[in-house]
Amino acid sequence: MSIDMAQFHQVFFEESFEGLDAMESGLLNLDMGDVNVDEINTIFRAAHSIKGGSGTFGFTAVSDFTHVMETLLDEMRDGRRRVTQPAVNVLLGSVDCLREMLRAIRDGAEIDGESVGAHKRSLDSELNNHSPADGVGLSQPQKASAAAGAEEQISGWAIAFSPHPHLLKTGNEPVRMFRELLTLGHLRVTADLQGVPDLYDLDPEECHLSWKLELDGNVPVSEIDEIFDWVEDDCDLAKQAVFSSASAFDRQAAFGVSEHIVPDAVPAVPVKPEQTAARSKEPKGDEPKAAAKGSSSIRVDTGKIDTLINMVGELVITQSMLSLIGEHFELGKLDQLKNGLSQLERHTRELQESVMNIRMLPISFVFSRFPRLAHDISSKLGKKIELKLVGEHTEVDKTVVELLSDPLVHLVRNSLDHGIEMPDVRLAAGKTETGTVTLEAYHRGGNIVIEVSDDGKGLDKDKLRAKAVEKGLIEPDAVLTDKQTYELIFMPGFSTAEKLTDISGRGVGMDVVRRNIQALGGNIEIISTLGKGSTISIHLPLTLAILDGQSIAVGDETYIVPLGSIIESLNIKEDRLNRVVGKGETFLLRGQYLPIIRMHEIFNVVSAKHTKLTEGLLVVVEGQGVRCGLFVDDLLGQQQVVIKSLEANYRRVEGVSGATILGDGSVALILDIPGLVRLANQ
Amino acid sequence: MTAEAKSDARSEQFLTFELAGEAYGIEILKVQEIRGWEPIRKIPNTPAYLKGALNLRGSIVPIVDLRERFNMEKIEYTPTTVVIVMCIQTESTGTTVMGIVADAVSDVLDIDLNEIKASPNLGAKINTRYIRGMYVGKTNMVMLLDVDKLLNPDEFMDIAVLPLAAESK
C-alpha cells in the first residue's frame, strides 16, 4: 500500500480513546438487573471500531485483544450471556488495559505484555466460565468447523462471495481479499458475470460481479472469517468446508450453481502464492512508529461553526454597506454611517465571542471520568457512595479543561476516601448509609466555579491544628481563623489520615492541587462543618486568552490590572497613612494595614505625575491571599483585553503576566499582582 | 549575469545600516521588515537598551537600541531612525522576533563569503563575540553582526548587570 498510514494514526488514537471513554461510561451505566440492549450495543460498537482500526494500522496486539472483548460483548448483546458484575469488572479492567496498550503504541513505548496477558486470561476465563452449555455461544461457522473437524480432515473450503453493489464504495477491494486468501493455500477463483448489467445501465462504481472461491488446504475458519470481516455486512457470504473425501461434484453443489459458468472468465487470479505471502506479511512485520506528538486538535460542535459562518456573512454585509456609504459620502448620510459602525461593532464583538467559544468545551470532559473513580474506590473501600454531577454542560476553555483534570481527581479522591465514612459509622451518626459526593460546575461573573462537596465527616479543626503543630508547620500558640485553619491542608507535607491508603493520604496532593489551580489564575477555598461534610470550591477564569482589565495610568505608561484582583480604588487621606520604620508605607483601611506599592518606583517610571501619596489613587488588589494597595496616577477605564505573551519573543518579566494591545494599537502590560508583591518585598 | 553569478551559494546578501557613523551588516534573510521609529511601550525592570515592546500586527516585539547596547552615545531619534525587525533563531527559545533601532539603513550588499575576514583581535577591551566578521567594501568597512547571538534573550540578563554596575560606580 503506497499511502502513508501514519498520517491517520493521530485520528485513530483520538477516536479510540473516545471509544474507550464511551465503553467505560457505558459499562458503568449498565444496570445488572435490567440490561439495556442499546447500552451494550454502544459498548460493542466502540470495541468493534477499535478492533477494526487497529487491524487496519497493523496494531495486531490491540486488535487481538479487542477481539476477545468483542466476543464477550457480542454474547451479551445477543442475550446469550447474562451481564454480571464480575464480567463488567473484567471488561472495565480490559478497557484500562487497552488504553495502556494504545498509549504505549502512540508513544512508541513497549506494550506491557504481562498485564495484557493477565487481562486476556481473565477475559478468556470469563468467556469459558459462563459459556452456555448448549453451545449456542459458538457462532455458526465455528460450529460447522468444529463438527466437521470432529469427523474428518478438512481439505478445503468452498466460498460463495456475492458482494452488494456498493461494496467498492466502502473502500473494499475483492481482489485484495483474494490475494489474502491465496496466502492461506491454493485458490481457484471463478467470477460470475451474470449480474453485470448492460453497458448503458452499468454504473462503473458498483460491483456487479460475484465470485466462487475454492480454497485448498486445512484452513481454520477463523482465518477466512478474518479476511471477510470487513465486508460482512456488505455481501452475501456462504462458506462450506470441503472434506478430503468430497468430490468435485460436492464442491459444485456447495455453490448451488450449475456448471455452465465459464471458469476462464477469471481475470486477476493466478498470482504465485509466495509472492503475495511475502507482501501480505509486510505490514505485520512493520513496527508501529511513534505517532507524531505535540500537535493538538479540538473537536468543535458543528452548530458553533454554523453560527460563525452566519456571523462572518453578516460582517461582510455590514462591510459592503459601509463601503457603499463611504463611496458617495455626504453629510446627510451621517446617521446611516453611525448605524453602520455600531452594527460593525456589534458584529465584531459577537464574532470575537463565538471564536473564543470554539475553544470552550463542556466540563463533562473532565467530569465523565469520575463515575468510574467513584465506582472503583467505593468497591475497594466497601463504602456506599453516590456521585452526583451537576452542571456538566458548563463550558470552559480547553486549556483549563486539560489542566483541571488532575487537581480534580485529587479532590474527588480525597472526598471519597477521607470525607465519606464507612456505612456503619454513617448510620451511627444518624445519616443515610449512602454518602453523596457532588461535583458541580457553574458560571459566576467572569469565573467558573467548580465545587466538590461531600456529606461526610468534615474537617476537624482541632485535629488539623494539632497535626500542623506536630509537623512544625505552625507555632503551637499561633492564632488562626477558621479559614486559615482549613487552609492548612494545602500546606506541603500535610496529611491527617491516620494511616496511608493506596488511594490517598500521602500529603503530596493538596499543595500540588493548589499550585495547579493558581497556575491557571484561579483560587481554591474550603468550607467545612464537622460531622456535616466539606465543600471545596475552585474559582477559575473562564478563559485564559481574554481578561477583564482595568487600565491604570502611571505617568506616560498604561498598565492593565486584572479586574478580578481589584477590590476597590480610593483616594488616600494623610491621616490614614503610616510609615513603618520610616520606610514601608501602609494605609489603614477598615482596621487593616495595607502595604502600599508605589508603581512608579517599582517600575522606574520617571514620567509619573504624582509622587505624593495623597495626590494619586490607591487601587486595592488581592493576589494569592495577600492584599496590598497599588499607588497609581489615575484610573483610565475598564475593557476586555486579549492576552499576548511577552515570553514568545522575549522572556518573563517579574511583575508582568503578559501584554495586550490597546484600542489605539499601542502595547500595554498586564500586571501580575502576586509577582508585584514579590518584587516589592525584594 | 554577474548578479546571478554572485547570488550562488558562496555569496550572501547583507543589509547594512549605520550606527554612529559606522557601517554594520546583518544577513538579509533574518530581516522581517524595516519600520520607522515610533514611540513604544517600556518594559519595566529591563536593561536600558531594551527600549520596550512594539505591537507588530498583534504580536509583542521587543526592541533593542543598538547604540545603547554597544554603550555608544545616546542620540535623539531622527526621521531616518529605523527599527529593523528580525527573526532570531536560538537553541533555547526557538524562533523569536525582535527589533533593533539603528540610525539609518544604507544598502543591500552581495558579499562573497570568502571575502569575509575574521574579526580582528582587539584585545580584552572589546568583545567580538557578536561579530561574525568584517567585509571591506570599496569605500568603507562593514562589521557583520551575528544577530542570533546578539539578540538572544538569555544573554540580556547577563549583560544587563554590567552597565548598571558601571553606572553605580
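This is a predicted model: local features need pLDDT of at least 70, side-chain atom pairs count only at pLDDT 80 or more; totals for chains, interfaces and linings use all residues.
View 1. The buried residues of the helix are A:V62, A:S63, A:F65, A:T66, A:V68, A:M69, A:E70, A:L72, A:L73, A:E75 and A:M76. An α-helix has 3.6 residues a turn, so residues three or four places apart point the same way. Just after α3(A) comes A:G79, with a positive phi of about 75°.

**View 2. A negative surface patch on chain A.** The patch is formed by A:D64, A:E180, A:E223 and A:E226. One of these residues, A:E226, lies in helix α8 (residues 221–228) of chain A. A:E226 counts as exposed because its relative accessibility of 58% is over the 50% cut-off.

**View 3. The loop around A:R590.** A:R590 sits between β16 (584–589) and β17 (592–598) of chain A. Its phi is near 45°, a positive value in a residue other than glycine. With a relative accessible area of 62%, A:R590 is exposed.

**View 4. Chain B and the loop around B:N45.** Chain B has 4 helices and 10 strands, in the sequence order α-β-β-β-β-β-α-β-β-β-β-β-α-α. Of its 169 residues, 44% count as buried. B:N45 is found in the loop between β3 (31–36) and β4 (50–56) of chain B. Although B:N45 is not a glycine, its phi is positive, at about 55°. B:N45 counts as partly exposed, at 38% relative accessibility.

Terms used:
Residues are numbered from 1 along each chain as its sequence is written. Chains are lettered from A and ligands numbered from 1 in the order in which they are written. Side-chain values use heavy atoms; hydrogens and water are left out. Buried means under 20% relative accessible area, exposed over 50%, partly exposed in between (1.4 Å probe, protein chains only). Helices (H or I, at least four residues) and strands (E, at least two) are DSSP runs, numbered from the N terminus. Patches are made of residues with over 30% relative accessible area and no salt bridge: like charges are joined within 9 Å, nonpolar side chains (Val, Leu, Ile, Met, Phe, Trp, Tyr) within 5 Å. Accessible areas come from the Shrake-Rupley method with a 1.4 Å probe; for residues, only the protein chains shown count as cover. A salt bridge is a side-chain nitrogen of Lys or Arg within 4 Å of a carboxyl oxygen of Asp or Glu. Lys and Arg count as positive and Asp and Glu as negative; His and the chain ends are not counted. The place of a charge is taken as NZ of Lys, CZ of Arg, CG of Asp or CD of Glu.
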